[in-house]
Amino acid sequence: MEGECRAPQARSSGLPAGGGGGESPGVDGPLPGSSGSSALLQAEVLDLDEDEDDLEVFSKDASLMDMNSFSPVMPTSPLSMINQVKFEDEPDLKDLFITVDEPESHVTTIETFITYRIITKTSRGEFDSSEFEVRRRYQDFLWLKERLEEAHPTLIIPELSSHKKQGPGLLSRMGQTVRAVALSMRGVKSRPEEFMEMNNFIEIFSQKINLIDKISQRICKEEREYFDEMKEYGPIHILWSASEEDLADTLKGVASCIDRCCKATEKRMSGLSEALLPVVHEYVLYSEMLMGVMKRRDQIQSELDSKVEALTSKKADTDLLTEEIGKLEDKVECANNALKADWERWKQNMQNDIKSAFTDMAEENIHSYEQCLATWESFLTSQTDLHLEEASEDKS
C-alpha cells in the first residue's frame, strides 16, 4: 500500500548505519528499519486497531542492534502519532532517517484497521532510491519486533506491547501461573550474580514505575476536574457584577484573575499529559519487555545446563553433546555480552528520560504557581490602592 511521495510534516529520525530493509509478510515493499544488523523504531504511545474493532495500545522506544548509543529521548504527545528519535552528534552514522506519522483508518467488509505512513530517507548506496514511502499496520510492526527478538533474544528491542481494554481471562491467568511455577521449579542453576542483580532491579523498577503511572493518571484526572470547576467561576463573577453596581469592577477583576489562572492551569495540564505521562507509560511497557529479555536469557542458559547435566550422567551420545555444549556456551556468552552492553545504555537513557520529565514538570508547576500568584497579588495591590485612595478622598 504505497502512497505518493511527499515532504513529511513530522520531524525525521536519524538511524545509525546498518543493513538493508527486510520484507513484511504479505506486504509489498521494504519495511523501514527491519535490518538484520541494525534496526530501531521509536514513537509515542499510540492507539491502534489490530484485528476488527479491538483497540490496541502499544509503544516503541529507540533500541540498537549494533550497540551504538543514543542520546536521551523525550516522547511527545501520544496524539501527535509522530516517530521521533534523537541521536548523539555522530554525523557519520546519520545516513538513514525514518518518520512514522499520518494514521489512516481503513474499513473493509472483513475488518477495520489503521495504517501509518513510513517515510525512509537514506544516502546508502545499497538502496535503489534515496527516499521510500509505504504504509504499514500494527501487524507489520509486530512481525518486525518478533523477527528482531528471534535474531537477538537478549537485546532490548523496542517495546510493542498490546493492552486490551479488559484484563486477561481466567484461563489465560491460570496458564501464566502454571508456566511461572514450572520455570521456578526448573530454574537456572548457575545464573551469574550480575544477572541476579539485574533481575532484582527489574522487579523493583516494575513495581515503582507502575505505581508512578497510576498516581500520575490520578493526578491528571484530578487536575482536569479542578480545571473544569474553576472555569465556571469566571462567568459566575461576571454575571454577579451585573447585579452589584458598587462591586462591579472588583468582581470583574476577580473574573479576570480566574481566567488567567485557568490558562496557566491548562498549560500545566498540557505539560503533564504530553510530557510526563507518555514517558512514565513508556517505561511501564519497558518493565514488561525487560522481564521477557531476562526470561529469554535464562532459557538459553537453562538449555546449556540441561546439556551439561546430560553429559555428566552420560544419558546420550557424549561426542554429540560435547559439540552441542560448545555451541551453547558460545550462544550464552554472546547473549550475556549483548544484554550487559544494552543494559547499561538502557539504564542511562531511562535515568535521563525520567529525570528530565519530572524536572520539566516541576519547573512547569513552579512557573504556573508563580503566574497565578503574581496575578492575584497584582489584583490585590490594585484593590488596596483603590481603597486607600477612596479613604483619602473621604477624609478630605
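View 1. The disulfide count comes to zero. This is a predicted model. A disulfide is a covalent bond between the sulfur atoms of two cysteines. Here the cut-off is a pair of cysteine sulfur atoms within 2.5 Å. For Cys 262, the closest cysteine sulfur belongs to Cys 261. The two sulfurs are 7.3 Å apart, so they are too far from each other for a bond. Cys 262 has a relative accessible area of 7% and is therefore buried; the cut-off for that class is under 20%.

**View 2. Helices H3 and H4.** Two packed helices are described by the angle between their axes and the distance between the axes. H3 spans residues 193–243, and H4 spans residues 248–313. Their axes come within 7 Å. The crossing angle is roughly 160°. Angles over 145 degrees count as roughly antiparallel, so H3 and H4 fall into that class. Their crossing is left-handed. Sorted by class, the contact of H3 with H4 holds 31 nonpolar residues, 11 polar ones and eight charged ones.

**View 3. Helices H4 and H5.** The H4 and H5 axes come within 9 Å and cross at roughly 170°. H4 and H5 are therefore roughly antiparallel to each other. The contact of H4 with H5 comprises 36 nonpolar, 14 polar and 11 charged residues.

View 4. Glu 363 sits in helix H5, which covers residues 318–395. Is Glu 363 buried, partly exposed or exposed? Its relative accessibility is 49%, so Glu 363 counts as partly exposed; the exposed class begins over 50%. In sequence, Glu 363 and Arg 268 are 95 residues apart. In space, their C-alpha atoms are 9.8 Å apart.

**View 5. The protein chain from end to end.** The secondary structure comprises five helices and eight strands. How do these elements run from the N terminus on? The order is β-β-β-β-β-β-β-β-α-α-α-α-α. The protein chain has 396 residues, and 42% of them count as buried.

Terms used:
Residues numbered from 1 in each chain as written. Predicted model: local features only at pLDDT ≥ 70, side-chain atom pairs only at ≥ 80, totals over all residues. Heavy atoms only, no water. Axes fitted to C-alpha atoms, helices over the stretch in contact; angles between N-to-C directions. Helix = DSSP H or I, 4+ residues; strand = E, 2+ residues; numbered from the N terminus. Parallel < 35°, antiparallel > 145°, perpendicular 65-115°, else oblique. Left-handed = near helix turned anticlockwise from the far one by under 90°. Nonpolar A, V, L, I, M, F, W, Y, C, P; charged D, E, K, R; others polar. Buried < 20%, exposed > 50% of the residue type's maximum accessible area, 1.4 Å probe, protein only.
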